[in-house]
Structures are given as C-alpha cells and as structure tokens.
Amino acid sequence: MIAVDRNAPKALHRQIYDAYRNAIVKGSLRPRQRIPSTRVLASELGVSRLPVLNAYAQLLAEGYIQSRVGAGTVVSISIPDQLTSSKPTSVPLVATPSGPRPAARRASTFAPSQSSPWLGGWGAFGVGQVASDQFPLHLWSNLVARRCRSMDAKAFHYGEQKGSRALREAIASYLRTARSLHCEAEQIMVVSGSQQALEISARVLLDPGSRVWMEEPGYRLAADVLTLAGCHVVPVPVDKEGLNVAAGVARCRKARAAFVTPSHQFPLGVTMSASRRLQLLDWAQSSGAWIIEDDYDSEYRYRSMPVAALQGLDAHARVIYIGTFSKVLFPSLRLGYLVVPWDLVDQFLTIRRAMDLGPPSFHQDVLVDFMSEGHFARHIRRMRVLYRDRRSALVDSINKELGPTVEMLGDEAGMHLAVTLREGRRDVEIAERAARQNLWIWPLSPSYIGKPSRQGFILGFGSTKITEIPSAVRQLRNLLTNK
Ligand SMILES: Cc1ncc(COP(=O)(O)O)c(C=O)c1O
C-alpha cells in the first residue's frame, strides 16, 4: 500500500511517514490494525531499514502507532476520533453522491416484504431459531478438524456444481426413507438454502409475467424471490386443509406454478389434506404447471409419523422439491437442496452454473460424515423430543394465560405455532411493543399479500427453553391486556 520514489526530492523517511499518516487519517488503516515490522517493510520497499525506523519513530512519537507486546506495531487506539473516523471530514476518498443514483428498474421498483425489527431479534419466540445449545458441537468440531487435516489437492479445487456426489447420495437415501420421495442422487442439487433453491427454480421455470400461486398467508421471502424474477404472485387462501385448490383455479387456472408448504404450512401450520394434494397434482398435470414444494421443517411432527412429501405422490414429474438443513441442523450452515424431475436436471445445472460455480465444498464434506456416521438421524430424534416438550409447555402456557382470547393453530409440527387474535387487535403494533421488551413475536398480518383476514402472532419455540416459556407467555398476556 505504500510506495516510495527514490528520485523524489522528499526524503525516504518522510515519504513513509506521510503515507502512513495519510492512511490513518483517511481511515484506510483502522485502530488496532497491524502494520508490518520495520524489517519487513524495508525489504518490501527495497530500502535500508534506517528510513523506516525513522518514520516509525516519528509516528510513534506523535501517537499514530503503538508497539504492543506480542502484537507487533499497530495503529494506535487512542488517536482522536475525527482522525480515525471512517467518514473523514477533510479529503473524502470517494465522492459522496448528492442524491439517489439510478439503479436498474428491477432493483429500484422492487418492494420487498416488510423488513421488521423482529426478523433479526434474539430472545423468546424467535422464529426459525434452533436449540443451538443442544447441537453436538464437540462432535461437529471433531469432524471439521478431521476434514480439514485431510484436505488434499482436489479438496482445494472447485467442487461438483451440483454438490458433492457423496452428499447427494446421502440426501437421496434420507429422502427416500424419511420423506417417501422418488429420487436418485443425480436429481439432487445442493444449494445454499431454500432461498437459492427457489431462485434457481424461478430462473429455470418462470418468465417475467408468469403467474404463480402463493399460499395466503404465506412465506413472504419466497414471494420476494418470485416478485424479483418478474412473476405475478397470485395469493390463494389457505384453510384447514391447506391451499384451497378450487379457489386457485377460480382465480387463475392458467398459473405457471404453485409454491406450497404442504407438510407444515408457513405460517398457519396446517397440513395439506390428502384430497387437496391430489387436487393440486391434478391441476398441475392438466394445466402444465409446476408445483414448488418447500418441505422446510417436516421432520418435526409430534402426534404422528412425519407426513410423506407431495413429491412422492407425483406420477407426472410436476413437483420441484426443496429441502433445507436450516431447521434440522442450523441456518448459518446455508445448505439446502433441490430435487428436480429427470428431464429438467441439465437445465437446472446450466442455469446454476451461470449463477455460481457450485456450493462451498468443505461443509458438505463435513455433513457427509455427520450423516453417514449416524449423527444426523440421532440429532433429529433428540431434537424431536426436545421440541415436542417445548411445544407442549408453550401450548399449556397459552391455554393457561391466554385461554379463549386467542385461537391456536399448527401446533402439531415444526418449530413454531400461530395464535390468532380476536377482531380489532393490531398485531404489528403489539409485536413492535413486544420487540422493545425483547419478545420476538412475529405478527401474522404481514404474511398476507392482500388484505389480512387474520391478526395474530407466529411464536417460534426452537430456541425458547421450557423454563423461559411461562414468563414469556405472561409477558405476551400483559401486552395483550394493556391496550
Ligand atoms: C417456509 C420456509 N421455508 C424455508 C425456510 C428456510 O430457508 P433457508 O433454507 O433459506 O434457510 C424457512 C425458514 O424460516 C421457512 O420458514
């Protein structure tokens, strides 16, 4: 970052001093950032050590840098704020634009679903949060270390674009036995979570202007992907049996696709009935539409065996299946998968290649070990018991504290349940007040694309300990009673 000019009239030590001082003042070098030793810098600049020693002595004396035992020489932490501010007041590094600059129309007209305080909140009832304290971290770190130690030249290179063969085999075998899917490893594509799975699917299957059925209320992050792809999202109401296929047909028979969460509808938690599943498959076959099945947390069912996936019933290869490790392991892993009908495999691969060159290999390899050594199945079994107990404690507390003031929905599966409020209550307002008290209840109404027909909350219990539940529900009751 520093260059010196031997022929310049300015002395070398002064050039070095000025270069460092400017970098510190402009914020390119930040407090605590390490700078090279005098020996290393002298050798990099091809000068003797003397001018470097002189420049460093001056910087030290003026307080720009300091020597720390064991840490070498670092930018001083005690220089005045205005000198180290990332937005220098004197000479800006990059001119600040005077107004908004034109982004592409797609970006500037995109109106994503509300970004809300409770999306990132950490505390009781956070949605999508897993019981991280119960994750077998010691074992996982041993697998990570083992894989790291055995990285050969191949492991440094690009991995397979569809994802590691071994992982795809493990996923296919798991899906056939645990989710009743018809699939082979060749049909599987490993992706960075459901979100990317949907993005790839939209690029392969949908055109700008394509109409897509979306559950109402539904998973707004999925609607965002479709909207960004230029699709026209058609909200189709969900009732006790899941997406109402007849209503979808009445609204838009010619839709190109339907996005559904049949095992555990998000957010209401209902399971799609067998007759609705058959109706949906019939509609897809007769109108040449695709069904995008998001099976995000189906492993957790508490009163019965997990319900088989819709893909397993599909005799006409109309279903694109999306699965994720975000709920069964943890979301920051960013690993999920697509199961694609045979005839679409190559097209999915071609499009994916243009988007990225495949998922990162390392954690796929760790996951292969985790799955093949039986830890995955064991972890799911343990978590099913843990979440079942958390869910029961939550249901009991809601019954005790909130009683008939709310209706509870979708408590048989997954890691969240929904409660709906009686007429006249505004869920967003209450959720905002709750967030200020560190209670991360998600309001239900923003999950509607059209006019919300219900107000209520989505309560996650994955990361909420049994001991925390009664007081958190009491807190919710107080929020509901103090209008
Ligand atoms: C309906 C639904 N699908 C998928 C996911 C998981 O998304 P990802 O795999 O991108 O983490 C979630 C997470 O909350 C969800 O609610």
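Predicted model: local features only at pLDDT ≥ 70, side-chain atom pairs only at ≥ 80, totals over all residues.
Before the details, local features here need pLDDT of at least 70 and side-chain atom pairs count only at pLDDT 80 or more, whereas totals for chains, interfaces and linings use all residues. Residues are numbered from 1 along each chain as its sequence is written, and side-chain values use heavy atoms, with hydrogens and water left out.

Let me start with the overall layout. The domain assignment, whose bounds come from an automatic or database source, gives domain 1 (12–82), domain 2 (113–132 + 378–481) and domain 3 (158–373). Between domain 1 and domain 3, the C-alpha centres lie 54 Å apart.

Next, the helix pair. Helices (H or I, at least four residues) and strands (E, at least two) are DSSP runs numbered from the N terminus. The axes of helix 9 (residues 194–205) and helix 13 (residues 345–355) come within 9 Å and cross at roughly 115°; such axes are lines fitted to C-alpha atoms, for helices over the stretch in contact, with angles running from 0 to 180 degrees between N-to-C directions. The residues that make this contact (heavy atoms within 4.5 Å) include Ile-200 and Val-204 of helix 9, and Phe-348 and Ile-351 of helix 13.

Now the salt bridges, each defined as a side-chain nitrogen of Lys or Arg within 4 Å of a carboxyl oxygen of Asp or Glu. The whole structure holds 21 of them. One joins Arg-147 and Asp-369, with the closest N and O atoms 2.9 Å apart; because Arg-147 belongs to helix 6 (residues 137–149) and Asp-369 to helix 14 (residues 361–372), the pair ties together parts that are 222 residues apart in sequence. On relative accessible area, buried means under 20%, exposed over 50%, and partly exposed in between (1.4 Å probe, protein chains only). Arg-147 is partly exposed at 25%, while Asp-369 is buried at 8%.

A second bridge joins Arg-168 and Glu-160 at 2.9 Å, N to O; here Arg-168 is buried at 2% and Glu-160 is partly exposed at 40%. In a further bridge, Glu-412 meets Arg-301 at 3.7 Å, N to O.

Finally, what surrounds Gln-311, leaving aside its neighbours within four places in sequence? This residue sits in the loop between strand 9 (290–294) and strand 10 (319–324), is buried at 8% relative accessible area, and is in contact with Leu-181, His-182, Glu-293, Val-319, Tyr-321 and Val-339.
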